[in-house]
Amino acid sequence: MNTKIKKIITACALFLGLGLTAGRVSAAEDTTPVITLGTSLTASQKQGTLDVLKGALSDSSSYNTLTVTGSDLVTYLNPSGSSFTSSSGVWSSAAIEKKPAPAAGSTSASSTTTGKTTSLPSPPTSTETRR
């Protein structure tokens with residue numbers, strides 16, 4: 001899979017994770033991080049991905065997990081022109097965490113963003129069996 005497609009899939013997973021959690025509680029009420037895992041990952045890929053994504057959280061002791069399926073892709077991505085089916089494979093995963101707002105009365109005029117680049121387990125090759 002080329003890099004551009006991987007980036008698009010990762011971005012979609014982030015938006016999908018946000019969309020799936022948005023209707024449950026308002027962001028102001030719940031700041032618990034969410035880790036989304038693609039349903040097509042093997043058990044060892046899921047564990048490896050979970051370990052990597054937990055490491056990217058500011059506090060890995062409390063988070064919710066959500067499995068993203070082909071049906072989720074149909075619901076959230078097909079309206080924008082994609083052509084997924086409910087049996088589409090999903091390997092993309094993401095960690096979504098709301099960062100706290102700056103303290104009231106803060107004199108800082110700028111904000112900083114930190115990011116981590118991590119390597120996730122690879123999806124199966126064309127010679128591996130896909131479910």
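What share of the 131 residues of the chain count as buried? The figure is 23%, where buried means under 20% relative accessible area, exposed over 50%, and partly exposed in between (1.4 Å probe, protein chains only).

The model is predicted: local features need pLDDT of at least 70, side-chain atom pairs count only at pLDDT 80 or more, and totals for chains, interfaces and linings use all residues. Residues are numbered from 1 along each chain as its sequence is written, and side-chain values use heavy atoms, with hydrogens and water left out.

**Confidence**

pLDDT is the predictor's confidence in each residue, from 0 to 100. Its mean over the chain is 74, and 56% of the residues reach 70 or more. Residues 108-118 have pLDDT below 50; this stretch has three contacts in the model beyond near neighbours in sequence. Contact means heavy atoms within 4.5 Å. Residues 126-131 also stay under 50, and the model has four contacts for them beyond four places in sequence.

**Overall layout**

The chain has three helices and three strands. Their order along the sequence is α-β-α-β-α-β. Helices (H or I, at least four residues) and strands (E, at least two) are DSSP runs, numbered from the N terminus. Of the contacts between residues at least 6 apart in sequence, 72% join residues at least 24 apart. The chain exposes about 8,900 Å², with 53% supplied by carbon and sulfur atoms. Accessible areas come from the Shrake-Rupley method with a 1.4 Å probe; for residues, only the protein chains shown count as cover.

Helix 2 has 13 residues, which should span 18 Å at 1.5 Å a residue; its end C-alpha atoms are 18 Å apart, in agreement. The expected span is 1.5 Å times one less than the number of residues. The buried residues of helix 2 are Gln45, Thr49, Leu50 and Leu53. They fall within an arc of 130° seen down the axis, so they line one face of the helix. The arc is that of the directions from the helix axis to the C-beta atoms. Exposed Ala43 and Ser44 sit on the face turned away from the buried side. The buried residues pack against strand 1 (34-38), strand 2 (64-68) and strand 3 (94-96).

Val52 also belongs to helix 2 (residues 43-55). Val52 counts as partly exposed, at 23% relative accessibility.

The largest nonpolar core has six residues: Ile35, Leu37, Leu41, Leu50, Leu53 and Leu57. A nonpolar core is a set of buried Ala, Val, Leu, Ile, Met, Phe, Trp, Tyr and Cys residues joined through side-chain atoms within 4.5 Å. Beyond four places in sequence, the contacts of Ile35 include Leu50, Leu53, Leu57, Leu66 and Ala95.

**Helix 3**

In helix 3 (residues 70-77), Gly70, Asp72, Leu73 and Leu77 are buried. They cover an arc of only 150° around the axis, which puts them on the same side of helix 3. Gly70 has a relative accessible area of 2%. Leaving aside neighbours within four places in sequence, Gly70 is in contact with Thr85, Ser86, Ser88 and Val90.

**C-alpha separations**

Two residue pairs are listed here.

| Pair | Separation in sequence | C-alpha distance |
|---|---|---|
| Val52 and Ala95 | 43 residues | 9.4 Å |
| Gly70 and Ser87 | 17 residues | 5.4 Å |
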